[in-house]
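Please look over the chain below and follow the notes in order.

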Amino acid sequence: MTQKPQTKRHRGIYLLPNLFTTGAMFAGFYAITSAINGRFQTAAIALFVAMILDGLDGRVARLTNTQSEFGVQYDSLSDMVSFGAAPAIVMYLWTLSSMGQVGLFAAFVHMAGGALRLARFNTQVEVADKRYFQGLPSPAAAAILAGGLWFCVENGYEVENFKYLVLVTTIATGLLMVSNFRYSSFKEIDFKNRVPFIVTILAMLVVGFVMAQPQRMLFLLSVAYAASGPIVTLVMRKKRLQSRKS
């Protein structure tokens, strides 16, 4: 009776992509500590740094062929810290703490929405349409809060004048993460193919605008992306109804 050859189990983890994941998690942790010390602008910038590093770890893993199940789970835990807990705590320390239990509730809604969104994503990753995300991605939700905070601090606005807007926005980001709205993943874009020269010029202008006014442009871009989900979902539903009628 022949025995089946045992599959060799590889010990250890891939270092390079997990370094980016660790950097993203540290940036989220640094945002929390900065907010505790009253440095809210630094906290907002740290959250955007976390978003950049979070976007790089998966791409580095694919480019170097170092994907692993450990990396997937570690990335989710890092996202929970950087885009679930960190923005909620930063916003609470910035203004929501002055609103008592209502402010605490709003911060918790964002954090819980981030946790639920990540759990749903992990369970549906094999069957979901790769072109779209179901619900607002947690980095985009964090970008709305961090961008708004950065914009207000940079321009010296008194947060007391619009603390209820902050309250509603924090709750809205949490709910959008667990919504059924479909958001483009941009995975259908192939950056390796040739593009017309005008596309390069437009990309250069966008980068220039963002670099010139990062606190304003990042906030506006994240809000526009959040609004695109309901619009895309309604358009797709309308097309589906029209096809059924025809």
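1. In this predicted model, helices H2 and H5 run roughly antiparallel to each other. The reason lies in the angle: their axes cross at roughly 150 degrees, and angles over 145 degrees count as roughly antiparallel. The two axes come within 9 Å, and the crossing is left-handed. H2 covers residues 40–63, while H5 covers residues 138–155.

2. Which residues of H2 and H5 meet? On the H2 side they are Phe40, Gln41, Ala44, Ile45, Leu47, Phe48, Met51 and Asp54. On the H5 side they are Pro139, Ala142, Ala143, Ala146, Gly147, Leu149, Trp150, Val153 and Glu154. Sorted by type, the residues of this contact are 13 nonpolar, 2 polar and 2 charged.

3. H5 also packs against helix H3, which spans residues 69–94. The axes of H3 and H5 come within 9 Å and cross at roughly 30 degrees. Angles under 35 degrees count as roughly parallel, so H3 and H5 are roughly parallel to each other. The crossing of H3 and H5 is left-handed.

4. In the contact of H3 with H5, H3 supplies Asp79, Phe83, Pro87, Val90, Met91 and Trp94. H5 supplies Ser138, Pro139, Ala142, Leu145, Leu149, Cys152 and Val153. These residues divide into 11 nonpolar, 1 polar and 1 charged. Pro139, Ala142, Leu149 and Val153 of H5 are listed in the contact with H3 and also in the contact with H2.

5. Is Asp75 buried or exposed? Asp75 belongs to helix H3. Its relative accessibility is 18%, and buried means under 20%, so Asp75 counts as buried. Leaving out residues up to four places away in sequence, Asp75 touches Thr21, Asp54 and Asp57.

6. Ser179 sits in a loop, between helix H6 (163–177) and strand S2 (182–184). Ser179 is buried, because its relative accessible area is 13%. With residues up to four places away in sequence set aside, Ser179 touches Arg120, Gln134 and Gly135.

7. Arg39 lies in the loop between helix H1 (15–36) and H2. Its relative accessible area is 35%, so Arg39 is partly exposed. Apart from neighbours within four places in sequence, Arg39 is in contact with Tyr30 and Ser34. How far apart in space are Arg39 and Gln124, C-alpha to C-alpha? The distance is 38 Å, and 85 residues separate the pair in sequence.

8. For the chain as a whole, there are 8 helices and 2 strands. Read from the N terminus, the order of elements is α-α-α-α-β-α-α-β-α-α. Among contacts with a separation of 6 or more, 82% join residues 24 or more positions apart.

9. The C-alpha trace spans about 80 × 55 × 40 Å along its principal axes. Of the 246 residues in the chain, 37% are buried. The accessible surface comes to about 15,500 Å², and carbon and sulfur atoms account for 66% of that surface.

Notes
Residues numbered from 1 in each chain as written. Predicted model: local features only at pLDDT ≥ 70, side-chain atom pairs only at ≥ 80, totals over all residues. Heavy atoms only, no water. Axes fitted to C-alpha atoms, helices over the stretch in contact; angles between N-to-C directions. Helix = DSSP H or I, 4+ residues; strand = E, 2+ residues; numbered from the N terminus. Parallel < 35°, antiparallel > 145°, perpendicular 65-115°, else oblique. Left-handed = near helix turned anticlockwise from the far one by under 90°. Contact = heavy atoms within 4.5 Å. Nonpolar A, V, L, I, M, F, W, Y, C, P; charged D, E, K, R; others polar. Buried < 20%, exposed > 50% of the residue type's maximum accessible area, 1.4 Å probe, protein only. Areas by Shrake-Rupley, 256 points an atom, 1.4 Å probe, with all protein chains shown as cover.
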